[in-house]
Amino acid sequence: MCASIEHSLLARFCVAAALIGLVAFAGDDIFASTSEQQFVIRTWDRRDGLPPTVISHIQRTSNGYLWIGTQTGLLRFDGSRFKHFEAEENAFLRTNYVRSLLAEPSGALLVGTPLGLFRFPDGRVAAENCEEVGDHFQTYALANGPGGTLWAVTRSNEVIRTIPEQKETRFLISDTQSIRSLHVAEDGQVNVMTRGRVFALDHGRFAKWPGDRLGKIKFDIVVPSRDGGWWATSGREVLRVEENGNATLMEMTDDSPQLQVMAMMEDRLGRLWAGTRNGSVHCLEPGGIWHQVTPRRSRALGSIQCLYEDHDGLIWAGTTAGILHQIKPRLFTTWSLPTTAQESVIQTICVAQDGAVWVGTDGAGAYRFKDGLFSRFGQAEGLANSTVMAILEDSRTNLWFGTLGGLFRYDSGRIKSELDSTLSGQSVPALYEGKTGDLWFGAIGTVIRKRGDEETTYRLGTAVTAYEVRAITEGQNREMWIGTRGAGLFEFKDEQMERIAAFPRPVANTIHCDDEGVLWIGTRAHGLWRVQDGKTLNNWTTADGLPGNMVFAILEDDAGILWLSSNAGVFGLSKRALTDHALGKAGPLLAIQLGSAGGETWSAGSGQPAAAKGPDGRFWFPVGHGVLAFDPVAVMRDRPVLPVLIEEIVADGKGWTLAGSNPVKILSGVRRLEFRYTIADMDAPGRLKFRYKLDGVDDEWVDGGAQRIAYYSHLPPGKYRFNVISSGSANIWTETTPLDLEIIPRLWERGSFQVASTLFVLIFVGATVRFAERSRMRRKLERLELQQSMEKERRRIAQDLHDDLGSGITEIMLLTELAKRDEGPPARLQAQLDGITHKARQVATAMDEIVWTVNPKNDSLPDLASYICDYTREFLGAARIRCRIDVNDHLPPEPVTAQQRHNLFMAVKEALNNAVKHSGATEVWLRISWLANQLAVTVEDNGRGFVSADVRSGGNGLQNMRSRLESIQGRVEFASELEQGTKVVFVLPLVGLGMPQGAGSLN
């Protein structure tokens, strides 16, 4: 047996080599057509985020993530998007080359690289939970064993067994060929495969498999079979090797020279999957029939490098060109009408007992589909009207057609008109057979019951005769329910027809009565309704989660799922979920949406029945221009409940990968905060819906739809908790572990800082108020002082006017009066007139002094110095005394008040007057200087002088000068000696700009 197989394989290898590039084989269409009814294939490539590199390993962890190992890094896939992990951005991986992957039962992910073996306990890749496992460098294969045992194959052909909390055990394989694969059976049996050899672990050592009697043929791939034995291939030939060593050749039908098997795997149903060099995937059914599942591809698109079956039963295939295939069983089949009727819409469908499918169209008549062939029934076959609104096969296999122009029955290949006297020319959109075999036909304003040969017509009331009957069904207590277009719902009981006023909608498209007697009613534009006991009403629309509000047909499966056809396609709803939603116990409804292969999802229906249940339990619905058929049991198969995963937080572009880091702490001031979450659903990711809530911000759940990101802006400091739930692939709302988030306040946002700042502000405000109050009081005092100063100045001016001007004018008046009375000689009169003139000059001079003092234009130091100098020259010139004046060149423009100017000038004037009257001087010096913000005015003469000690006891003149200077915060200094002259220095402090360059000394 073995020899003959060896000879056959060698011969076929030679023939295949001769045919490469010379022969093109037919049969692709047959394979594609066959597999199309069995499998659905989805493909991702670089346009979807996959790098153009070799996909060598695929694993799926229990949290749902699909992990892809390549030579350029590790990829994670959640069914919607890929994330690439590279060593440059994730240094804990150390290298981009992934040599092995393994999803452990605990949910952990093992990643084998040339630089080490790493475990990520929660099935996420992040530095926070990266654990290096032993020193298993160059790990080529990994496998899980019972009790958490880990098996690994190294580059040196060592097999390492790691048992939790025990020391590793190493086994060496004696074969010189390198180990190709490692398999651990459910019973713990460990086998390794080299090129053409199988070794089994027996009593602590690996020995050649006893059933290995294949001789010298070296097989490239050997994989175990679930029922014992092996699958082996050496290119295009596949062998089924039994445990006793007997082998059977499983020849693939495609004779392509490039059909070299590169990857092989047996799934849980016993089907063998083979990936080839030309990029195609083939499936061998347990019955020995091969199917080409994916089409043959160009070599440029890569060959199949690896195959993998996940916990959902999905088959994954990775290629050498970075292309990923997903293969899953087709849950429903579709077919379209022939091209001659493509523009017609299917309005009704019926599955006959012989398995034939009948459909009625809106203008192309009726079609019968059986054994892959269509038969059309139109006017030539006796159908008078081409718009078929309803088709029904009764319990006696009679086939009835309700059309826009009457009722017809199929009999022996011909279609005959029925009930011409009653329904001829009328539209008959509703057909129904009751539980006792009665046939019911709905028309315009009437319902006809056919019981054997007896026909009875019932009108729906005189006021509604124009309304069309759309649906008929029988209730739990033998009552009949009639849905109309225009008058809503009617009940027929005890030969009486009654309109149900509690049903508020005018159109009842379809009615379904369940085992509990509850009516489920589909409307034209207002969704689904429930009627119980003719009274209790509930309504669900798109606002509650329905895909569409126009419902044409309702079928119920054995699990209590209502399947509805609508303008938004075919979908399923659990009656329990509908009830819970009506009672407020659940969130938005979760519809199980189905679609056609061509992408058309809308449905139609002109009457009843608009959907059908076949003898095999499959449901049939019109979809677009075709038909959708599915087994509800297969569609509602048990799916694992996948968790909602919060992947990362992004704060102003900076991301935090979440892997056990809870809570997440972020410094406040973030303008935009993103929560990125997902469910790693590989079956139907487009069906997922999410709702989220941030405790502390959201009071209610926020409907996120299919979006997998939640946004928040400018969150204040504090503690938050982010929750997200999703419908998931199991069609129930699932939750995630809440994520705790803490927004850390910045320094100025902290409580202690704010308390200190508040105290500081209060102190500052108090100090400011106190300062302002003191300033106000100071300004008030200054105003009072200014008022007193002004009042004092007014009194001084009044006194000067009285003393100088008043007395002078009075004296002039007296002298003038005396001159008028004097009759003496002219010389005496002339003397009197000279006295009047002299006194008038004195008065004018006094007036000039007063005006100069009061005038604000003179309130500056240069003006004061100029005035003193002018007066000195004039006064000493009149006394015929030589005058010397020395003034600083750069006197600052310091302001001088009127009081200061007046008192200083009067003191200087007194000093000059003393020098003229008492000193006997022939020369007087006037010096004006500025030093250290002080003005110094010096009057010095060369007269006879006096003893300095006599200054304290001097006359009123010296005391007046001292008093005047003290009144303006100045001082006066006297210096004199006998026959040495006298020097008087007046010092007045002023707030100045500083002493200019070249200012002289006060002395």
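Tutor: Please note that this model is predicted. Strands of a sheet pair through backbone hydrogen bonds, in either a parallel or an antiparallel manner. Here, four strands form an open sheet in the order E38-E39-E40-E41, and their pairing is antiparallel.

Student: Which strands are the edge strands of this sheet?

Tutor: They are strand E38 (430–433) and strand E41 (454–459), each of which pairs on one side only. On average, neighbouring strands of the sheet are turned by 20° against each other, direction ignored.

Student: How many bridges join strand E40 to E41?

Tutor: Strand E40, residues 446–451, is joined to E41 by six bridges, and the two run antiparallel. Among the residues involved, Val447 has Tyr458 of E41 as its bridge partner.

Student: Let us turn to Ser726. Is Ser726 buried or exposed?

Tutor: A residue is called buried when its relative accessible area is under 20%. Ser726, which lies in strand E64 (residues 718–726), has a value of 0% and is therefore buried.

Student: What lies 3.0 Å from a polar atom of the side chain of Ser726?

Tutor: It is the backbone oxygen of Lys689.

Student: Is Phe764 buried or exposed?

Tutor: A residue counts as exposed when the value is over 50%. Phe764 has 52% relative accessibility, so Phe764 is exposed. Phe764 belongs to helix H6, residues 751–821. Together with Phe760, Val761, Val765 and Val769, Phe764 makes a nonpolar surface patch of about 500 Å².

Notes
Residues are numbered from 1 along each chain as its sequence is written. This is a predicted model: local features need pLDDT of at least 70, side-chain atom pairs count only at pLDDT 80 or more; totals for chains, interfaces and linings use all residues. Side-chain values use heavy atoms; hydrogens and water are left out. Two strands pair if DSSP finds at least two bridges between them. Axes are lines fitted to C-alpha atoms, for helices over the stretch in contact, and angles run from 0 to 180 degrees between N-to-C directions. Buried means under 20% relative accessible area, exposed over 50%, partly exposed in between (1.4 Å probe, protein chains only). A polar contact is a pair of N or O atoms within 3.5 Å; within protein, one must be able to donate a hydrogen and the other to accept it, and residues adjacent in sequence count only if both atoms are side-chain atoms. Patches are made of residues with over 30% relative accessible area and no salt bridge: like charges are joined within 9 Å, nonpolar side chains (Val, Leu, Ile, Met, Phe, Trp, Tyr) within 5 Å. Accessible areas come from the Shrake-Rupley method with a 1.4 Å probe; for residues, only the protein chains shown count as cover. A salt bridge is a side-chain nitrogen of Lys or Arg within 4 Å of a carboxyl oxygen of Asp or Glu.
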